[in-house]
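Take a look at the fold below. The walk-through that follows goes strand by strand through a sheet.

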Amino acid sequence: MNGAPSRTLTKTSRVRARTLALIAVGGLAVSAASAHAQNAAVEPPPLVAAPAATGDSVDTAYDPLQGFNRGSYGFSMGLDRAVLRPVAHGYMAVTPSPLRRRVSAVVYNLGEPSTTVNDILQGKPKRAGRSSARFLINSTIGVLGIWDVATGMGLKAHDADFGQTFGRYGVRPGPYLYVPVIGPSNFRDGVGRVLDFFTDPVGIVGGGYTTTFGATRLGVQTVDTRARADTAFRALDDATDPYVTARSAYGQYREAFIREATGQVQALPDFDAVPADGAAVSGGAEPASAPPETAPAPSEQSQ
Amino acid sequence: MTDARPTRRFAQLALVALIGLGALSQARPALAQAARDPQAEQFVQTRAQRVITVLADKNQSIAQKKATFHQAIDQLADVPKITNFVLGKYARTVTPDQRQRFAAAFRVYAESVYQNRISDYHGEVLKVTGSTVRKPGDVIVNTTISGGQIGQPLPVAWRVLGGGTSWKVVDIQFKGVWLAITQQQDFVSTIDNAGGNIDVLISQLQRDAQRPASR
């Protein structure tokens with residue numbers, strides 16, 4: 001009676017285990033191929049670093065579809081003002097931020113397997129190990145991801161998606177694209193997002209957006225994302241050209257995210273070289289250059 | 001039934017291996033350390049912390065904070081250099097009169113905007129985590145800001161120019177986004193769209209600065 005079903009069960013779980021092992025081995029193989037690159041830049045510092053590589057500010061401004069994009073931007077911001085912002089602000093009004101952080105943590109935890117998939121595709125077994133260990137630990141000890149206990153164990157979070165995976169193998173962002181409702185993107189990251197959707201292990205197991213779980217996850221994720229982006233939206237209100245500000249910020253954010261995977265160094269503009277002529281660094285009506293503050297007392301202490 | 005055991009054992013092994021892998025990955029090898037600049041770090045630690053402390057001070061009124069922020073900015077940031085930078089290509093064609101009016105408008109605008117921005121995050125404690133010398137006198141200082149309502153420490157990078165004990169911030173980076181670079185693209189686009197007329201930007205800044213501080 002019990003024999004047949006239990007055997008099928010073990011069989012599926014064995015298949016699943018084998019698939020997992022295969023994926024792991026696959027990841028290792030890929031990483032072996034790029035061992036050199038790995039050694040050259042293990043875990044690049046998250047922020048910025050030293051001298052010039054190839055500039056990315058040019059790419060962020062590559063916007064041949066600006067006409068469409070500006071229209072799409074205007075439409076989406078109108079929709080945000082009418083629907084999403086009131087919902088997000090209502091959510092923020094009725095929940096204390098510690099509670100919202102727990103919601104964010106659950107949403108984030110469900111994205112962890114997708115991160116692992118991309119870590120593997122990028123040939124980064126350590127990162128894959130970290131994100132999958134985080135998922136296991138936080139889903140169990142951390143109670144469905146409510147508590148991020150893994151960070152406390154030294155397993156710090158990182159993100160990965162298909163756009164980053166493409167970028168890691170040298171794919172350029174291509175034209176900027178403001179996708180109606182969804183927001184800023186570009187050709188590379190747009191394709192990446194579609195792939196993210198179809199390869200998301202949690203989405204596959206949970207049955208897409210048609211199931212109760214899937215729909216709930218999408219709804220919560222949308223409100224959570226909008227609430228967390230609220231300061232960014234407010235920053236746009238202050239801009240003189242909000243469309244360009246959003247484009248610039250998105251481009252810089254994505255390129256920084258991709259540099260995390262490539263270990264490349266950001267090229268930065270030269271603050272001293274903006275005016276073409278004249279030796280004076282920042283001439284004009286302003287008191288030229290930096291009047292070096294008469295040396296601050298060396299006794300100044302940090303807190 | 002009998003062949004359930006090896007599977008379970010495999011699963012257990014896999015779990016242990018995964019956690020082990022995770023543990024291994026935190027023992028990161030020392031980074032090939034680019035040169036740090038302790039004096040630039042010290043500058044950011046002291047001056048940036050001061051600004052954050054002012055803005056987080058619950059005992060000060062908004063007007064008081066505004067006044068203190070106004071002062072602290074001159075000690076922290078190279079305002080003339082930033083003013084020039086955010087004009088981008090138009091820094092070459094701006095007339096002295098326009099430059100003067102722009103500088104005044106930008107100053108007021110930037111103070112109100114950045115005060116809002118920094119206050120939005122309610123940070124309290126700044127900690128320097130390292131720095132990278134891009135070239136002598138051009139250093140990026142990495143910090144985290146925590147406390148207040150911040151859940152996890154927020155990484156913020158400061159680009160400082162100078163030397164010795166004399167430094168000034170020219171740009172701030174958060175989530176990969178540099179403020180002055182973004183500001184430059186914003187302003188240049190606004191001037192572009194006005195057919196190159198810088199006065200349009202100036203009057204827009206003057207309008208924006210008059211809006212209420214907290215929304």
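Two strands count as paired if DSSP finds at least two bridges between them. Keep that cut-off in mind while reading this predicted model. Strand 2 (residues 138–146) and strand 3 (residues 154–163) of chain B pair over eight bridges, in the antiparallel sense. Within that pair, N142(B) faces A157(B) of strand 3 of chain B as its opposite residue.

Now step back to the whole chain. Chain B holds seven helices and five strands. Read from the N terminus, its elements run α-α-α-α-α-β-β-β-β-β-α-α. Of its 215 residues, 40% count as buried. Among contacts in chain B with a separation of 6 or more, 55% come from residues 24 or more positions apart.

Next, the sheet. In general, strands of a sheet pair through backbone hydrogen bonds, either parallel or antiparallel. In chain B, five strands make an open sheet in the order 1-2-3-4-5, with antiparallel pairing. Its edges are strand 1 (125–135) and strand 5 (177–178) of chain B, each of which pairs on one side only.

Move on from strand 3 of chain B to strand 4 of chain B. Eight bridges join these two antiparallel strands. W158(B) stands opposite I172(B), a residue of strand 4 of chain B. The two strands form a hairpin, with two residues between them. In that turn, G164(B) has a positive phi of about 60°.

Recall the cut-off: at least two bridges are needed for a pair. Here F174(B) stands opposite V177(B) of strand 5 of chain B. This hairpin, too, has two residues between its strands, and K175(B) takes a positive phi near 50°.

A residue counts as buried if 20 or more other C-beta atoms lie within 10 Å of its own.

Helix 2 (residues 38–56) of chain B lies across strand 1, strand 2, strand 3 and strand 4 (166–174) of chain B. Relative to strand 1 of chain B, helix 2 of chain B runs at about 140°.

Notes. Residues numbered from 1 in each chain as written. Chains lettered and ligands numbered in written order. Predicted model: local features only at pLDDT ≥ 70, side-chain atom pairs only at ≥ 80, totals over all residues. Helix = DSSP H or I, 4+ residues; strand = E, 2+ residues; numbered from the N terminus. Buried ≥ 20, exposed ≤ 12 C-beta atoms within 10 Å, placed from the backbone. Contact = placed C-beta atoms within 7 Å. Axes fitted to C-alpha atoms, helices over the stretch in contact; angles between N-to-C directions.
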